[in-house]
Amino acid sequence: MSLLEVRDLHANVDGKEILKGIDLVVNPGEIHSIMGPNGSGKSTLAAVLARREGYEVTKGEVLFRGKDLLEMKPEDVACEGLFLAFQYPVEVPGISNAYFLRAALNAQRKYRGEDPLDAIDFLPVLKEKMKLLEMEEQFQSRSVNEGFSGGEKKRNEIVQMAVLEPTLAVLDETDSGLDIDALRVVANGVNAMRREDRSMILVTHYQRLLDYIVPDYVHVLANGRIVKSGGPELALELEREGYGWVEEALAAK
Amino acid sequence: MSTVTEATGLGSYLEAFSEMRQRTSHQPEWLRTLREDAFGQFCDIGFPTLKDEAWRFTSVAPIARESFSLAEGGAAELTLEDLKPFLIADAACRLVFVNGRFAAELSDCEPLPAGVEAGSLAAEIGSNPAALKSSLGRHLDLGTDPFCSLNTAFLEDGGYVRIAKGTVLASPIHLLFVSTDLDSPVMAHPRNLILAGPNSQADVVEEHVSLGDAKLFSNTATELVAEENAVIAHHMIERENRTSFHISTLQMHQERNSNVSSHSVLIGGALVRNNVHPVLAGEGGACLINGLFLGDDSQHLDNYMLVDHASPHCASHQFYNGILGGKSHGVFHGRIIVRKDAQQTDAKQTNRNLLLSDDAQIDTKPQLEIYADDVKCTHGATIGQLDENALYYLRSRGIDETSARELLLFAFAGECTGRIRSTPIREHVERIVRQSLPEGMTSDGTGEGAERRWEEIG
């Protein structure tokens, strides 16, 4: 069984159709990259998968682990094993990173019928993951994302992903705005999490990320549809040629 | 309000006052005069109305139109078991007052650390009134607030705490005011006197709770004197039942380099007004005025601050957070007076509010009166809803919606509870806050112990 099956997905934002029939199948262990120009619907797809409010699905279906994802609440999607790394991580004043992450992990453990981890058992787990993302220990007691730099916020997303160990991680432009050092750290973190039964969808505008995290498949999204799919070489082609040809092809239709 | 209902209201006070006048006729003349003058003042002014600037957001008509009698006893039926939900672990001393009267059998102050006196004001009036003459009634400003006059008129009992020079008390002193289920509406006018000697340090909790649903009019006043370099924290926890009226005033007199914190947590009551009045009388004094109010249903919770900067180089920092649901109405009215000689004053005021329903209401009003020319005064207020982005962010990590709301509300409240320095008191308050977050917001879906702090792992 496929991990994720997206069939003819149409979605509106504020009454405007943004996704116009997406088909995508992700099998366990696969890394897919979704690339495309600004406004092509990349982030909308990520938001629909993570059940964000304000996105109206008008047609199509999404099966995650064989279940109807579009019927699930955001928290249940997360507990089923889908993790979204936010393009713009949210600041949550007054809740420490450590508390937040343990609450999230324990919510997911509870969903799976496992016992909660107490602070003493949780701390070493968190420390290890923070080390992996080269984050200083002080971040665990700071409020979630509050006062973090852009790069720190993105790294913090990957720390969360590492702690929660999702089956499917959707990284929404995690590479945007990162300098090359921060990009390497994030990519190393992601690569360390690659497993045979863990899949990823990398939503990105830039090919650069794919130098560090090599995908199995690359899809080009334009005007709400996947217009081309291929292997990693497709990303290089995009890098060389730009998105111009995509737009030209669309205009020609 | 009509003259007829007003007359009815005052009539019951007159009756109660005559009764008390007889009962206390053996007491020293200065004390009797203090009461007589205060009662006279109250009768002259009457209850405040919305026309009074300090009361423009709060109508006390529900109090004025009702007749209350002075509560009698009630302690005999209670056991320590009844008080269990309200106790603070590790308190150095617990003074319990039932319907305004000291209940020795429910209190526990033995052994008191050296340098600390704590007991009932009634007992002190009985045994050593001369020691009170220089402080009792000296600081409370009767002219500006009829409720303070009323409290002084009925001054009989309350908490008496004296911390000797240089004494540092590590554990809290807990003044617990309990009301019991009485048949007719009763009133209580507890009066507390807290005297902190030079270089002393202590934490005092003044907590008001109800056993049952009977209506109580609780009108309390606390005079707190912090002598030179004293470090004192006062914690007002108001969690009476939703039928009660509660008016309280904390009058603080701060001498040179004293450092006083006032923490207020308003949760219960139908109509609540909490006044905090620090007078920074000596140079270098610092005052933290920290508060949290949680309103639901049709509660009315009014926070009134009058900060008097009377000396140079003093700092006052006000932080109040409100969470209002249902049809509740919150008020934050922060008045700061900087006197002509109070140069280098650093006065800051912040009021943040979350409205959880369309019918909840907040009135927030800064009122700065600055007569000195070299000062730093800032104020700011925000009113908003729970951050939907933050809510979604928490849910996207697997935390269910109810728990996520609770986490965010508790974090917002935590800005205030986090300023409480004493660990046992902070944990006590956090437990109360967690239990009291508006209905439907409370659940424990994250498998956490209720007493834990958010920063526990840090």
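A residue is taken here as buried when its relative accessible area is under 20%, as exposed when that area is over 50%, and as partly exposed in between. In this predicted model, Arg7(A), at 34% relative accessibility, therefore counts as partly exposed. Arg7(A) is joined by a salt bridge to Glu5(A), with 2.6 Å between the closest N and O atoms. Side chains of opposite charge can pair when their charged atoms come close. A search of the whole structure finds 34 such salt bridges over all chains.

Two further pairs lie in chain B. In one of these, Arg56(B) meets Glu53(B) at an N to O distance of 3.5 Å; Arg56(B) is partly exposed at a relative accessible area of 40%, and Glu53(B) is also partly exposed, at 37%. In another, the side chains of Arg242(B) and Asp297(B) form a salt bridge with N and O 2.7 Å apart. Because Arg242(B) lies in the loop between strand 11 (231–239) and strand 12 (245–254) of chain B, and Asp297(B) in the loop between strand 15 (286–295) and strand 16 (300–309) of chain B, this pair ties together parts that are 55 residues apart in sequence. Arg242(B) is partly exposed, with a relative accessible area of 40%, and Asp297(B) counts as partly exposed at 45%.

The contact between the two chains draws 41 residues from chain A and 26 residues from chain B. About 2,800 Å² is buried between chain A and chain B, and carbon and sulfur atoms give 61% of this area. Of the area that chain A buries against chain B, 23% is supplied by Glu75(A), Tyr99(A) and Phe100(A), more than by any other three residues. Between the chains there are 2 salt bridges, as well as 11 residue pairs in polar contact, both residues being at pLDDT 80 or more. On the side of chain A that touches chain B, the elements giving two or more residues include helix 2 (74–79), helix 3 (97–111) and helix 4 (119–132) of chain A, and helix 3 of chain A gives the most, with 10 residues. By class, that side of chain A has 24 nonpolar, 8 polar and 9 charged residues. Glu75(A) forms a salt bridge with Arg395(B), in which the closest N and O atoms are 2.6 Å apart, and a network of salt bridges links Glu75(A), Arg395(B), Glu401(B) and Arg405(B).

With regard to the cysteines, the count comes to 1 disulfide over all chains, and this link joins Cys93(B) to Cys109(B) with an S to S distance of 2.0 Å. The link is right-handed, with 40 degrees about the S-S bond. Cys93(B) is located in strand 2 (residues 93–98) of chain B, whereas Cys109(B) is in the loop between strand 3 (101–102) and strand 4 (116–120) of chain B, 16 residues apart; both cysteines are buried. The sulfur of Cys314(B) lies 9.6 Å from the closest cysteine sulfur, that of Cys287(B), which is too far for a bond. Cys314(B) counts as buried because its relative accessibility is 1%, and Cys79(A) counts as buried at 6%.

Two loop residues were also examined. Gln27(B), in the loop between helix 1 (3–23) and helix 2 (29–45) of chain B, counts as buried at 14% relative accessibility. Leaving aside neighbours within four places in sequence, Gln27(B) is in contact with Arg32(B), Arg35(B) and Ile125(B).

Key: Residues are numbered from 1 along each chain as its sequence is written. Chains are lettered from A and ligands numbered from 1 in the order in which they are written. This is a predicted model: local features need pLDDT of at least 70, side-chain atom pairs count only at pLDDT 80 or more; totals for chains, interfaces and linings use all residues. Side-chain values use heavy atoms; hydrogens and water are left out. Contact means heavy atoms within 4.5 Å. Buried area is the accessible area (1.4 Å probe) that two parts lose on being put together, summed over both. A salt bridge is a side-chain nitrogen of Lys or Arg within 4 Å of a carboxyl oxygen of Asp or Glu. A polar contact is a pair of N or O atoms within 3.5 Å; within protein, one must be able to donate a hydrogen and the other to accept it, and residues adjacent in sequence count only if both atoms are side-chain atoms. Helices (H or I, at least four residues) and strands (E, at least two) are DSSP runs, numbered from the N terminus. Ala, Val, Leu, Ile, Met, Phe, Trp, Tyr, Cys and Pro count as nonpolar, Asp, Glu, Lys and Arg as charged, and the others, Gly among them, as polar. A disulfide is a pair of cysteine sulfur atoms within 2.5 Å. Buried means under 20% relative accessible area, exposed over 50%, partly exposed in between (1.4 Å probe, protein chains only).
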